[in-house]
Amino acid sequence: MSGAADAESGKGEAADGPGPDADGHRPGVLIRRPRRGDPVVAVSVAVASTVLFFGAIAWAVVTAPDFPRVQRAFLNGPLFEESLPEVVRAFQTNIKLFLIAEVLVLFFGLVLAVMRSLPGPVFFPLRLLAVAYTDLLRGLPGILVIFLLGFGVPGLNIEGVPNDPFFWAVVALTMIYAAYVSEVYRAGIESVHPSQEAAARSLGLRRSQALRYVILPQAVRRIVPPLLNDFLGLQKDTVLVSFIGVVEIFRASQIKQAGNFNFTPYLATALVFIVVTVPLARLTDYLVTRSRRGQARGGFR
Amino acid sequence: MSGTAAVPALRVQRLHKSFGRTEVLRGIDLTVAEHEVVALIGASGSGKSTLLRCINLLEEIDGGRIFVGSEEITARGADVDRHRQRIGIVFQTFNLFPHMSVLANVTLGPRKVLGLSRGDAERRADELLDRFGLVEKRQDHPDRLSGGQQQRVAIVRALAMRPDLLLLDEITSALDPELVAEVLDVVRELAQGGMTMILATHEMGFARDVADRICFLDEGVILEQGPPDQLLRSPQQERTQRFLQRVIAAGRL
Ligand SMILES: Nc1ncnc2c1ncn2[C@@H]1O[C@H](COP(=O)(O)OP(=O)(O)OP(=O)(O)O)[C@@H](O)[C@H]1O
Ligand SMILES: [Mg+2]
């Protein structure tokens with residue numbers, strides 16, 4: 001009971017605008033939240049407005065003067081059925097690329113982040129290197145990095161250097177995304193209060209031990225959502241390596257498109273991506289909301 | 001100079017520490033004998049926390065020397081991590097590791113620093129947790145504990161390293177008044193057990209009870225020190241008198 005009373009008086013104080021008026025009404029109390037309606041009504045309204053909204057867009061598209069032509073170019077049913085299994089098969093290359101690069105990115109991103117947080121003047125060169133690397137790789141368009149590595153390095157014809165495009169695709173994607181992910185790690189490490197490191201070091205733990213047992217475990221919880229975001233980007237960017245000759249989903253749909261003079265294979269590819277990325281995007285959002293709520297509750301400890 | 005008994009637990013000589021341009025410690029000299037309990041008092045911002053952090057090598061010092069036993073811990077090339085093991089510190093804000101259970105908090109140091117096996121470390125932890133009435137909480141995470149319990153766990157965590165010297169930095173100031181006593185009781189018990197301690201505190205009554213000596217820190221130096229009764233009842237320096245008057249006015253003595 002007293003809790004409710006406290007909350008009420010708290011509200012009054014927080015709204016420190018004009019005081020109570022002549023009747024003793026506090027201005028803050030007069031403002032009422034609109035009453036929440038019946039849930040059934042709310043859902044019906046939402047459904048109706050959604051149908052209307054998207055219906056209107058669909059109608060505008062379908063009745064456009066050139067729609068039949070677009071329909072023929074993009075929405076060829078039999079061709080869709082034919083290309084879907086083919087692009088799905090090619091997508092396995094993307095998945096392989098993605099999974100290998102992801103593991104490497106997690107590792108090298110951490111190495112970069114730790115390099116950058118090394119203390120003292122002795123480590124200045126390493127810090128400088130890490131900063132220069134992340135700036136450069138985040139500053140360059142990804143496609144350029146992929147071209148430079150995929151065409152440039154094999155072009156040098158150095159003995160023992162592989163010229164397999166898949167290899168260079170993994171290297172390029174890893175290099176690009178390690179730069180982004182190292183920033184995510186760094187933000188996570190810095191979000192752990194310095195008193196945690198002090199507490200760990202005061203027990204005699206070495207810096208690396210404090211990092212491993214105390215700081216990183218706390219940082220990792222907070223970086224999962226932004227990390228997933230970057231992985232979403234990595235997943236989509238796997239199509240970029242088609243330009244250095246890796247036959248993956250985009251390249252496969254291109255070949256199919258060229259063979260049929262029809263764009264429907266791209267639609268199949270789009271569908272495959274949506275099926276994979278949208279759930280991941282939803283998961284990321286969910287985790288972001290959850291961790292924000294957790295922080296609000298937990299506060300500083 | 002008659003054998004080991006004469007070597008003090010801690011010797012701080014002409015310690016200087018600045019943050020940027022502000023010199024917080026301007027030549028601290030402090031010697032603490034084995035089994036002695038020293039209370040540090042002084043206004044907020046007088047450098048009590050800074051002094052304790054310097055002794056634990058959590059801050060780099062700008063001048064002076066610190067000896068623990070007969071070893072200089074501030075010597076060039078000294079093994080900072082090894083020296084820290086011998087000095088425990090408990091912070092105002094507990095600083096427990098929130099992602100670990102009480103038991104894991106307490107066993108981390110003994111396992112990773114002292115190299116104890118998990119079993120040995122847990123036995124050592126349980127003994128201490130039991131002694132301070134915390135053994136039922138061993139599997140809980142810190143956020144499930146009251147402030148007083150958290151602070152007692154923090155003390156246990158420091159004790160599990162079996163330090164030669166324990167530093168306590170205003171360990172009750174973040175606690176609700178009704179939780180202060182349980183933490184002070186722990187400190188009292190440690191004092192009776194002969195633990196060498198330096199405690200920064202605003203609780204003058206407690207300092208008088210538990211300390212063998214009180215040091216008044218002012219403008220970066222130890223302006224005055226002496227046995228509690230003498231220093232609190234008849235301070236010699238005017239600034240000490242004024243500080244104590246303020247404390248009395250605030251009802252903390
Ligand atoms: N990391 C830091 N960077 C800059 N200034 C600092 C830092 N730590 C402490 N100081 C300054 O040093 C002075 C002494 O601080 P310290 O925390 O040691 O005082 P204290 O005696 O412990 O005070 P309190 O009783 O409020 O805890 C203060 O003026 C503070 O602002
Ligand atoms: Mg302090």
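Are A:Arg201 and B:Asp81 buried or exposed? A:Arg201 is buried, and B:Asp81 is buried too; here buried means under 20% relative accessible area, exposed over 50%, and partly exposed in between, with a 1.4 Å probe and protein chains only.

This is a predicted model, in which local features need pLDDT of at least 70 and side-chain atom pairs count only at pLDDT 80 or more, while totals for chains, interfaces and linings use all residues. Residues are numbered from 1 along each chain as its sequence is written, chains are lettered from A and ligands numbered from 1 in the order in which they are written, and side-chain values use heavy atoms, with hydrogens and water left out.

1. The inter-chain pair. A:Arg201 and B:Asp81 form a salt bridge with an N to O distance of 3.1 Å; the term stands for a side-chain nitrogen of Lys or Arg within 4 Å of a carboxyl oxygen of Asp or Glu. The pair crosses between chains, linking helix α9 of chain A, where A:Arg201 sits, to helix α2 (residues 80–85) of chain B, which holds B:Asp81. Helices (H or I, at least four residues) and strands (E, at least two) are DSSP runs, numbered from the N terminus.

2. A:Arg201 counts as buried because its relative accessibility is 16%, whereas A:Glu197, at 24%, counts as partly exposed.

3. Other salt bridges. Over all chains the structure holds 32 salt bridges. In one of them, the side chains of B:Arg53 and B:Glu59 meet at 2.9 Å, N to O. B:Arg53 has 25% relative accessibility and therefore counts as partly exposed; B:Glu59, at 18%, counts as buried. Salt bridges with shared partners join A:Arg116, A:Asp135, A:Arg138, A:Glu183, A:Arg186 and A:Glu190 into one network.

4. B:Glu224 belongs to strand β10 (residues 221–226) of chain B. B:Glu224 is buried but has no salt bridge, and the nearest side chain of opposite charge, B:Arg239, is 9.7 Å away; Lys and Arg count as positive and Asp and Glu as negative, with His and the chain ends not counted. The side chain of B:Glu224 does reach two backbone nitrogens: that of B:Gln236 at 2.6 Å and that of B:Gln237 at 3.0 Å. Beyond four places in sequence, residues touched by B:Glu224 include B:Phe216, B:Leu231 and B:Pro235; contact means heavy atoms within 4.5 Å.

5. Ligand 1. The residues surrounding ligand 1 include B:Phe19, B:Gly45, B:Thr50 and B:Glu170, a residue being near if one of its heavy atoms lies within 4 Å. Helix α1 (residues 48–55) of chain B gives the largest share of the shell, 3 residues. Oxygen atoms of ligand 1 lie 2.8 Å from a side-chain N or O atom of B:Lys48, 2.7 Å from a polar side-chain atom of B:Ser49 and 3.3 Å from a side-chain N or O atom of B:His202. Taken alone, ligand 1 exposes 630 Å², of which the protein buries 58%.

6. A:Ala113. This residue is in helix α5 (residues 77–116) of chain A and is buried, with a relative accessible area of 1%. Leaving aside neighbours within four places in sequence, A:Ala113 is in contact with A:Ser182, A:Tyr185 and A:Arg186.

Methods
Polar contact = N/O pair within 3.5 Å; in protein donor to acceptor, adjacent residues only side chain to side chain. Areas by Shrake-Rupley, 256 points an atom, 1.4 Å probe, with all protein chains shown as cover.
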